[in-house]
Structure formats: structure tokens, C-alpha cells
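Let's take a walk through this one, starting at the metal and ending in the sheet. Have the viewer open as you read.

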Amino acid sequence: MARSPFAPIIAPSILSADMTRLGEECEAVIDAGAEWIHFDVMDNHYVPNLTFGPPVCAALAKRLATSRPGIPIDVHLMCEPVDELIRGFAEAGAASITFHPEATRHVDRSLALARDLGCKTGLVFNPATSLEWLKYVLDKIDIIQIMSVNPGFGGQSFINESLGKIAEARDIVDMVVADTDREIRIEVDGGVKAANIADIYAAGADTFVAGSAIFGTDDYASTIAEMRRAIEAA
Ligand code: DX5
Ligand code: ZN
């Protein structure tokens, strides 16, 4: 199976952080080795759960810009529609904004909007959503995000069929990035942990969202180090 040419990125999902200490929790996972902060936005409409909006992102971005400069906030919109929130989160300091293609009327326009506002962007694929959505928009995609659980909640079990889909995404990306300097990342979200991260990497992913598997442990640094060792050994 093909591996990603890009260095692995661990992106803890703040959904499982202690919300009363969000800033400290983000700094703790960054100090423990995380490269991105994954920011899950739920609207109780596209998914049956409700989290946080642009003001929380802006507060976090402001704090991290001083305390841990250069750490991207990766916003995952589980919301419908998306365009107004893309504007809000771009303004709030998001580095990347991904959304589900079923949640916008005009996928190409929403991708272009995020890009025009200076963010990286991409599409998120639910377990039953086909990668066909990529076909005509790959030129506007920085991230292909494969959901390995149904979106809406942290702490669910990894759906094993996702591995085949990751491999399919890898083939698509390898065809596009060959002989170019484009970086298209394959991000996997849901049920990722030290015990399965090697298989996910071997299938072709390079960006790993993990919420409960990191924030649910006492020692973030040793958990992230264990994940990295598993990737290196794969
Ligand atoms: C699920 C979210 C995920 C979630 C991951 O809808 O998009 O980012 O927080 O949580 P874990 O790693 O616990 O499955
Ligand atoms: Zn997510």
C-alpha cells in the first residue's frame, strides 16, 4: 500500500478536552507534540450535537498566537449551510476549514470562498459518502478528510471499512500530486488511537485527528509519542 509523502500530523480534537480549561488543554497537547488543533463545530442540525462557534475559535487563536505561535487551528464544520460560518471562522483565525459536501448547495463555491479568505480547505466524507465528490474540485482541495465514525460525537469506535476508502483517496492524491509541489493531506477523523494508527497510516493517511484517545489519558506526551512510534514502525 502507498504511504503519504508528507510528514505525519497529529491533530487532537478539542471535543474531548476539559472545556473549563480550553486554552491550557490546547497548550498541553501542543507541548506534548501535537502539530494542529482540531476544532469540531456542530450545529444540532447537520449533526445531533452542538459545540462552539467563531468567538471561541477567535479567543483560542488569539491566545495561541502569543503562547504557541504557528500552531494551525483546523476547523471541521459539521454544519449546514456552511458559507456564513466559513466567513466567520476565517475571520476568527482558522488556518484550515473543512466541510461536508452534502451540507452546501454549491461545493465549488464554498471551497473557493474558504480559499479566497486565505484558508486551506477541503471536503469531509462521512462513512457512506462517495469520494466521487472530489472529481471536479481537486484543484481547490488541500485536505481530504475521511470520517471513520459517523460525525456528531467523540469516543466512537473506528469503522474498519474506512481503511479501503483511505487507500482510494491515497491513489487519487498520488495521481494529482505526482511531479507537483502541491500538498494535499489525507486526514482521518474518528476512533483513531495508538492501537490502530499504524494501519491508518499504512492505508495512506498522513493527518490523524484523535480526541478521546489523547484527552482521555493522563499523560498526553506519552500517548502522542506512542502514536508516533506506531506510525514509524508501520
Ligand atoms: C466527530 C468529530 C471528531 C471527534 C473525534 O464528529 O469530528 O473530530 O471529536 O473524537 P474521537 O477521537 O474520540 O473519535
Ligand atoms: Zn472532527
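## Around the zinc

What geometry does the zinc ion (ligand 2) have? It's octahedral, because the 6 donor atoms around it subtend angles of 69 to 172 degrees. For reference, the ideal values for six octahedral donors are 90 or 180 degrees. Bear in mind that this is a predicted model.

On the protein side, the donors are H38 through NE2, D40 through OD, H76 through ND1 and D189 through OD. They lie 2.1 to 2.3 Å from the zinc ion. Read along the chain, the donors of this ion give the spacing H-x1-D-x35-H-x112-D. Two of the names to click on are H38 and D40, and both are buried.

## The sheet

Now zoom out to the strands. There are 8 of them in an open sheet, with parallel pairing, and the order goes β1-β8-β7-β6-β5-β4-β3-β2. At the edges you'll find β1 (9–12) and β2 (37–42); each has a single partner strand, so one side of each is left without a neighbour in the sheet. On average, neighbouring strands here are turned by 25 degrees against each other, direction ignored.

## β5 and its neighbours

Is β5 largely enclosed or left open by the rest of the structure? Largely enclosed, because 5 of its 6 residues are buried. To get there from β4, the chain passes through helix α4 (residues 107–116), and this β-α-β crossover is right-handed.

β4 (residues 96–99) runs parallel to β5 (residues 120–125), and 4 bridges join them. Start with S96, whose bridge partner in β5 is K120, then move on to T98, which stands opposite G122 of β5. As you step along, remember that side chains in a regular strand alternate between the two faces of the sheet.

β5 also pairs with β6, again in the parallel sense and over 4 bridges. Here V124 is the residue to look for, with Q145 as its bridge partner in β6.

## A helix on top of it

Which strands does helix α5 lie across? Helix α5 (residues 162–177) lies across β5, β6 (143–147) and β7 (185–189). If you compare directions, helix α5 runs at about 170 degrees to β6.

Definitions and conventions. Residues are numbered from 1 along each chain as its sequence is written. Chains are lettered from A and ligands numbered from 1 in the order in which they are written. This is a predicted model: local features need pLDDT of at least 70, side-chain atom pairs count only at pLDDT 80 or more; totals for chains, interfaces and linings use all residues. Side-chain values use heavy atoms; hydrogens and water are left out. Donors are N, O and S atoms within 2.8 Å of the metal (3.2 Å for Na, K and Ca); water is not among the atoms, so sites may look incomplete. Four donors count as tetrahedral if all angles lie between 85 and 135 degrees; four count as square planar and six as octahedral if opposite donors are over 155 degrees apart and all others between 65 and 115; anything else is irregular. Buried means under 20% relative accessible area, exposed over 50%, partly exposed in between (1.4 Å probe, protein chains only). Two strands pair if DSSP finds at least two bridges between them. Helices (H or I, at least four residues) and strands (E, at least two) are DSSP runs, numbered from the N terminus. Axes are lines fitted to C-alpha atoms, for helices over the stretch in contact, and angles run from 0 to 180 degrees between N-to-C directions. Contact means heavy atoms within 4.5 Å. A crossover is right-handed if, with the strands pointing away from the viewer, the path from the first strand over the helix to the second runs clockwise.
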